[in-house]
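Reader: Walk me through one part of this model up close, please, and then show me what else is around. I'd like the cut-offs spelled out as you go.

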There are 2 protein chains.
Amino acid sequence: MGGDYAPKANVLGAIAAHELLSPDEQLVLIGDTAQFKPLIVEAGFDPDKFEYVHTDEVIGMGEHPTKAIFQKPNSSIAVGYNLLKEGKLDSFASAGNSGAMLVGAVFSVKTVPGIIRPCLCTHVPKLSGGVGVMLDVGANADCKPDTLLQFGALGSLYAEHVMQINNPKVALMNIGEEDEKGNMLSLATFPLMKDTCLFQFVGNVEGRDLFNDKADVIVCDGFTGNVLLKLAESFYIVTLKKGIKDEFFDRFNYENYGGSPVLGVNAPVIIGHGISSPLAVKNMIMQSRDMIATGLVEKIQAAFK
Amino acid sequence: MGGDYAPKANVLGAIAAHELLSPDEQLVLIGDTAQFKPLIVEAGFDPDKFEYVHTDEVIGMGEHPTKAIFQKPNSSIAVGYNLLKEGKLDSFASAGNSGAMLVGAVFSVKTVPGIIRPCLCTHVPKLSGGVGVMLDVGANADCKPDTLLQFGALGSLYAEHVMQINNPKVALMNIGEEDEKGNMLSLATFPLMKDTCLFQFVGNVEGRDLFNDKADVIVCDGFTGNVLLKLAESFYIVTLKKGIKDEFFDRFNYENYGGSPVLGVNAPVIIGHGISSPLAVKNMIMQSRDMIATGLVEKIQAAFK
């Protein structure tokens, strides 16, 4: 039910994803079945190919995350997380209230033991054609050095297993390339990353390095990541409005990636963009599948044991 | 002497600016006269139209700012600041070592009484055609709420007097528009700005609002401003490399603005981009002239009295 174009975009995305899933992979649609079953029939798709869990509450995009998730136990987000926690689902994705999705993940499946704070990860298109990741992009507005160090490990594991990047290059977002540049946070994080054996650290990168190949994984606090991500998105929207067609800018389209995985919780969770289209929903489902299939969560659990 | 294309770009920029200055405005070129006088003659310009101060030391782009400015008293930066301090210059601009320029400003003409920390300001092109400012963009990697509040006042005064924006709208860069969004710094800054009578506060803006008209002045800590600025610059470079011609992207060209003013010190100071071209140098000089002509420094001093 989540997202500005729900439930239609979600239904059409689920139908598109179903074509790509193997027979032993089952999609469960959670929400107001009275609303979306007719849409499935309308699209000429057999409704029996999905499983359904009916819910009749909706968490609005503007609602307070923590309150909403407890006050609306029959919302698609609350129900989804209950099923995930009980192991009845292997992954959970929604384009609904991002805050409720984050809070729900931590309260239901809980943070992986050893992880200080879970974080939100985003895909970044590279000029050379590849794709990298940046994290955190908004789950933790204030971070400490040891948290950033862990984000590096989480991003590296995601890049290696889900994105199949061999020995990912991890960098710290900073205001200069030199070791001694930075604010108090990045200055304190640098030596931790330099000495770590959790990932391949390649040093500091700057705002201008987001789209080049200096790093596959760029680590920053959630405040910095959020403002950078939103600035990058606004550029993409400018190019769209101006009718500029270019392969690189096309790859900015979040629809092609799906959503933002929550890394550091005990199950695959993906938070979609509020304006998720059918294509975005389809890719969010495929991304969930990849997170399950590659055993990312188990690999994260093992790394932090 | 400062900048990657010095002294040629500096000489050509000075010649171009000279055409636009009135007879009572005098340009002083500081550096190795043996190197740049022949360039002036070569350009077919009368060398007597400039004043000269000969220097024979150069602070390299990679040198440690504080050490360099004291160890090289006969560098163009050190000499320029001495002349500025003695009142023999009304403003000083250089495309040399930015750190040395910042340190030099604070050590020579000193911070305006009442100002906690001077900061670095940058021009931001607006989609609608105007230009706004963002500050700080790198002078203060770590900031406190009262420092950000002052940046709002400094930016507002610059926008009002130098950019001639009437009653400038000042906003706080944040991770959400709502009052209660943010990291510890922005959460603590918001109420200070909301209650201030130093400027017109219009609330929080996000990374996506940099180029729209929600605010004329966007305030952030120097870490955030620096990574945002460098990301924006990298987009401009991508559009250049891809041969995308567009009026909006053209206005990203820093050459059209000049350089970054240092706000909060007792004299007009402008730090140019390391890759300053003749056009950038010319505009840096015109920007210095505007800072002198509008009495910006006196207005800042009066506001913080």
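Author: Helices here are DSSP runs of H or I with at least four residues, strands are E runs with at least two, and both are numbered from the N terminus. This is a predicted model, so local features need pLDDT of at least 70 and side-chain atom pairs count only at pLDDT 80 or more, while totals for chains, interfaces and linings use all residues. Residues are numbered from 1 along each chain as its sequence is written, chains are lettered from A and ligands numbered from 1 in the order in which they are written, and side-chain values use heavy atoms, with hydrogens and water left out.

After H4(B) comes B:Gly87, with a positive phi near 80°.

Beyond its neighbours within four places in sequence, B:Tyr81 is in contact (heavy atoms within 4.5 Å) with B:Ile69, B:Phe92, B:Ala100, B:Met101, B:Gly104, B:Ala105, B:Ser108 and B:Val269. B:Tyr81 is also one of the residues that touch the most other members of the largest nonpolar core, a set of 102. Such a core is made of buried Ala, Val, Leu, Ile, Met, Phe, Trp, Tyr and Cys residues joined through side-chain atoms within 4.5 Å. In soluble globular proteins, nonpolar side chains tend to be buried together.

Now for H5(B), residues 98-108, where the buried set is B:Ala100, B:Met101, B:Leu102, B:Val103, B:Gly104, B:Ala105 and B:Ser108. B:Asn97 caps the N-terminal end of H5(B), placing a side-chain oxygen 3.1 Å from the backbone nitrogen of B:Gly99. Just past H5(B), B:Lys110 has a positive phi of about 70°. Most residues other than glycine have a negative phi, and most peptide bonds are trans. A cis peptide bond turns up in chain B too, between B:Leu135 and B:Asp136, with omega about -5°. B:Asp136 sits in the loop between S5 (131-135) and H6 (145-161) of chain B.

Finally, the partner chain. 35 residues of chain A are in contact with 35 residues of chain B. The two chains bury about 3200 Å² between them, 73% of it on carbon and sulfur atoms; buried area is the accessible area (1.4 Å probe) that two parts lose on being put together, summed over both. On the chain A side, A:Ile175, A:Phe223 and A:Phe235 lose the most area to chain B, together 21% of what that side buries. The interface has six salt bridges (a Lys or Arg side-chain nitrogen within 4 Å of an Asp or Glu carboxyl oxygen). In one salt bridge, B:Lys230 meets A:Glu206 at 2.4 Å, N to O.

Key: Buried means under 20% relative accessible area, exposed over 50%, partly exposed in between (1.4 Å probe, protein chains only). A polar contact is a pair of N or O atoms within 3.5 Å; within protein, one must be able to donate a hydrogen and the other to accept it, and residues adjacent in sequence count only if both atoms are side-chain atoms.
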